[in-house]
Amino acid sequence: MKVKELVKILDGEVISGEDKLDENVKSIGAGDMMSEILAFAKPGMMILSAQASPQSVRTGIVTEILGLVIISGKNIPQQTIEMAKQNNFLLIKTKYYMFSTCGRLYKAGFKGIDEE
Amino acid sequence: MKNKKNLKKYADIFAHIKASDLMTKNVTTLTPENKMSQAKEMMRIKKISGIPIVDKKDKLIGIISLEDIIKALEFNKMDEPIQNTMTTDVITVNIDDNLTDIVEKFDILKLRRFPVVDKNNIIQGIISRVDVLNGILEKFSLIYSHDKKRNSTLSQEISLITGEKLLINEAEFHFAIDNADIIAAGTGAALLQQFLKKKEVDNEIIRRIGIATYEAETNVVIHSKSTGDILCFIKEDRIIIRVTDKGIGIEDLEQAMEEGFTTASDYVKEFGFGAGMGIQNMKRFTDKLVIISEKKKGTQVEMVFYTDK
């Protein structure tokens with residue numbers, strides 16, 4: 001399934017990396033701790049997180065994931081947005097909380113890293 | 001004798017390591033007909049302190065140590081054949097002896113080295129305390145010590161794993177971690193990845209290096225209370241990353257190794273750090289990892305990634 005479908009399901013707002021909307025989402029993971037994401041992130045994966053600090057984007061870049069969804073309608077600091085734009089990193093924002101975000105995507109057929 | 005205590009502690013963990021894994025194989029030997037003066041020269045040239053004496057079939061029949069040389073000098077025996085002075089009652093290690101046996105021998109007999117022989121008493125190698133420690137390091141994914149003897153190690157530009165020289169000014173990549181701001185943590189890791197991409201390193205290796213370096217760099221920023229350095233050395237078959245600081249050191253590595261244990265502040269946790277998984281992640285993504293830390297002296301992380309697999 002593609003990024004643009006994920007955006008639609010989450011009523012998402014694409015903040016950076018618009019050219020990646022047609023890319024395939026291999027799997028999805030969720031977490032707020034950087035080390036946790038560093039441990040399980042894989043290339044081609046989308047990460048859902050409530051962590052809107054620049055560290056989330058840096059973690060995403062280092063692990064070469066496809067992109068990051070910031071949940072709960074969190075205010076995303078300007079520094080985070082700038083870092084994402086500079087690196088053409090896919091950054092999406094959704095108003096849904098973690099449980100609903102996961103539920104919506106799972107129902108639509110997206111799979112977790114452990115089910116890939 | 002802290003060193004001995006450490007050896008004992010590791011011996012149990014690495015009981016499956018055998019003498020053949022640890023010994024130096026190209027052992028220098030002499031025959032009983034050689035003169036003591038030749039033994040002395042050999043020790044000087046090869047910088048060794050003991051020489052096994054073998055017959056024509058490489059069967060071990062004696063050993064000459066520095067003490068024997070001193071005795072020969074005292075009694076004017078330097079021009080006499082070795083057999084007049086050598087110790088014939090040689091204590092050996094069998095090639096199949098395991099680390100526990102070997103460490104016990106070092107412990108009880110207070111000798112510096114043991115010749116290693118097979119069941120027919122044919123010399124196979126020689127084993128010293130340093131060989132034992134190096135052997136453990138080789139098998140180890142991680143070692144920790146705040147032994148005072150490590151003072152010099154922490155400031156030396158020598159690989160903790162292989163002993164080769166790693167001069168700071170010969171590093172292919174150098175990033176100074178001089179920002180105490182948590183927001184900047186990971187900048188060096190990201191730049192290192194960009195640098196390695198230009199060097200056409202395999203992408204999955206770059207990813208692993210980035211993640212492990214990110215964790216090490218974050219530790220410097222969060223925990224060390226000092227500045228630090230990231231250095232990258234590209235060798236023929238491997239990439240060596242060093243992340244060093246001169247900060248407060250790791251208080252208790254056994255705790256630090258525990259998944260979930262953290263000393264991170266609430267402020268740092270707000271940024272998604274302090275999961276207590278940093279060292280676990282470094283272990284997970286490196287081929288070899290050594291961390292040496294001493295309280296108030298700093299921490300040195302050395303990570304090896306093989307590129308020839």
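Reader: Which residues touch the most other members of the largest nonpolar core?

Author: In this predicted model, they are Leu192(B), Leu196(B), Ile241(B), Val243(B) and Met303(B), from a core of 62 residues. Helix α9(B) gives the most to this core, with 10 residues.

Reader: What makes a set of residues a nonpolar core?

Author: Its members are Ala, Val, Leu, Ile, Met, Phe, Trp, Tyr and Cys residues that are buried and joined through side-chain atoms within 4.5 Å. Buried means under 20% relative accessible area, with a 1.4 Å probe and protein chains only. A second, separate core of 17 residues includes Val3(A), Val7(A), Val25(A) and Ile71(A).

Reader: Which residues are buried in helix α5 of chain B?

Author: In this helix, residues 99-109, they are Leu99(B), Ile102(B), Val103(B), Phe106(B) and Asp107(B).

Reader: Why are these buried residues of α5(B) said to line one face?

Author: Seen down the helix axis, they fall within an arc of 135 degrees, so they line one face of α5(B). The arc is taken from the directions from the helix axis to the C-beta atoms.

Reader: What makes Asn98(B) a cap of α5(B)?

Author: A side-chain oxygen of Asn98(B) lies 3.1 Å from the backbone nitrogen of Thr100(B), at the N-terminal end of the helix. After α5(B) comes Lys110(B), whose phi is positive, near 55 degrees.

Reader: How are the residues numbered and the chains lettered?

Author: Residues count from 1 along each chain as its sequence is written, and chains are lettered from A in the order in which they are written. Local features need pLDDT of at least 70 and side-chain atom pairs 80 or more, while hydrogens and water are left out of side-chain values.

Terms used:
Buried < 20%, exposed > 50% of the residue type's maximum accessible area, 1.4 Å probe, protein only. Helix = DSSP H or I, 4+ residues; strand = E, 2+ residues; numbered from the N terminus. Polar contact = N/O pair within 3.5 Å; in protein donor to acceptor, adjacent residues only side chain to side chain.
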